[in-house]
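Dear colleague,

Please find below the structure that I am handing over to you. My notes on it follow directly after.

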Amino acid sequence: MSDQARALAELSVPRYTSYPTAPHFSPAVGGNDYACWLSSLSRSSTLSFYVHVPFCARLCHYCGCHTKAVRQRAPIETYAEKLTGEIALVARQLGGGKVVHLHWGGGTPSILGERRLAELFGRVCERFEVAASFEHAIELDPRYVTDELARVLAGIGVSRASLGAQDFNPAVQQAIGRVQPFETVREAVLRLREAGIERINLDLMYGLPGQTVGDVRRSAALAVSLAPQRLAYFGYAHVPWLKTHQRLIDASRLPGAAERLRQAEAAREVLVGLGYEHIGLDHFAQADDELAAAARSGRLHRNFQGYTTDAAEALIGFGASAIGRLAGGFVQNAPDVAGYARAISAGRLATVRGLVLSEDDRVRGAVIERLMCDFAVDLAHFSAAGRISGAFAAELAALAPLEAEGLVRLEGRRVAVTEQGRPFVRLVAAAFDAHLAQGRARHSIAV
């Protein structure tokens, strides 16, 4: 890696799971705006639901999620009641639509318990129209997957489970505060499959403290031995200024940019070599999986859960800190559980901030999504449609350093990320981010 490429890799840029990104949301958008946007949805609208559960039994050092450790049952029960209340509030405001996707995230969603999970799903089915065939997914901690949990999840129609694996080296697990032997993950996968949940995702990480290329290769091979339909190999984002518990990680043991690139390439080599297709920046899928088919046909999407086939017209978020996206823009619930609970108890939507999408935001968001998903975009498509003012001249000029390093190829109005440039795609996307220079938020490094 050249000195210039290393400098580029160490730049701070967003992960672009949305555009504009969440740091640019403001209190100018509130519950009244959300209610208006909900009521404008028609019966033909397709809906994607995300339910956020901000609790874990213990907090892992590396975690970047909005969650906290709880040791008592009472806060969980109260939170479940507020989720029930929010479901009713949203249902009363909703103009129409059919649920085609439901995703439980966290935190550790299963901490709600089997009874509460079943009750909440029942409320969704009572209050909303649910498509006959829809994807029902949940994020799980392998350490807490029991036979009973697997049976209940299958019983409420969960069709896909994502399990966090990170790395299988015990020393690395110790360094990140997440000790779970390979056998624990294997048993969790077996329990889910025995219950009838066949579609399994495994989430792993590179760039962890003390982690080596050898660790990544071994962990990738062990993960494949469980035959998951999809895998993700995320780069660890060290953001201790946002997540103070990450200060428990010894930053001096974190691999540098060049080593992170070698680890990401090692994961790709192993997974592609064992038959998985490389999807987007950091996902992999079996060739017959819907994600791989979407990537091949240009139908891949990117949202707050990463790469997805979810093409719903509206994303409705439930729970503390949950984000929604509707035609009018983005909304986000109160991030603190207490503030969220007070709003729901008062019969109000818990929206505390958001962003009204301009036409420029929509165009730039589409450009960024195609770059993140397809690694190429033809800007002439947008200018020819009369959807932008100007010709992205400044943005194209900003890509010159990346072009000089062979990371991107500019062919007239077409921008194509090279094979060498794939790990740097967030930097390419950042060139089209009109909000980035206006914000003061700090982000993780680009590679």
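Gly 107 is found in the loop between strand E4 (98-106) and helix H4 (114-127); helices (H or I, at least four residues) and strands (E, at least two) are DSSP runs, numbered from the N terminus. The model is a predicted one, in which local features need pLDDT of at least 70 and side-chain atom pairs count only at pLDDT 80 or more, while totals for chains, interfaces and linings use all residues. Residues are numbered from 1 along each chain as its sequence is written, and side-chain values use heavy atoms, with hydrogens and water left out.

The bond joining Gly 106 and Gly 107 is a cis peptide bond with omega about 15°. Another cis peptide bond runs from Tyr 19 to Pro 20, with omega near -10°. Pro 20 belongs to the loop between helix H1 (3-9) and helix H2 (31-39).

Most residues other than glycine have a negative phi, and most peptide bonds are trans. Gln 166 is part of strand E6 (residues 160-166), and its relative accessibility of 6% makes it count as buried (under 20% relative accessible area; exposed is over 50%, partly exposed in between, with a 1.4 Å probe and protein chains only). Phe 375 likewise shows a positive phi, near 65°. This residue sits in the loop between helix H12 (359-374) and strand E17 (376-378), and it is buried, with a relative accessible area of 8%.

**Helices and their surroundings**

The axes of helix H8 (residues 213-224) and helix H9 (residues 257-273) come within 9 Å and cross at roughly 30°. These axes are lines fitted to C-alpha atoms, for helices over the stretch in contact, and angles run from 0 to 180 degrees between N-to-C directions. H8 and H9 are therefore roughly parallel to each other (angles under 35 degrees; over 145 is roughly antiparallel, 65 to 115 roughly perpendicular and the rest oblique). Residues making the contact (heavy atoms within 4.5 Å) include Val 213 and Arg 217 of H8 and Arg 262 and Leu 271 of H9.

In helix H11 (residues 337-345), the buried residues include Tyr 340 and Ile 344. Helix H3 (74-93) and strand E15 (329-333) are among the elements covering the buried residues of H11. Just after H11, Gly 347 adopts a positive phi of about 75°.

Finally, Glu 395 lies in helix H14 (residues 393-398) and counts as buried at 12% relative accessibility. Apart from neighbours within four places in sequence, Glu 395 is in contact with Arg 364, Ala 431 and Phe 432.

With kind regards
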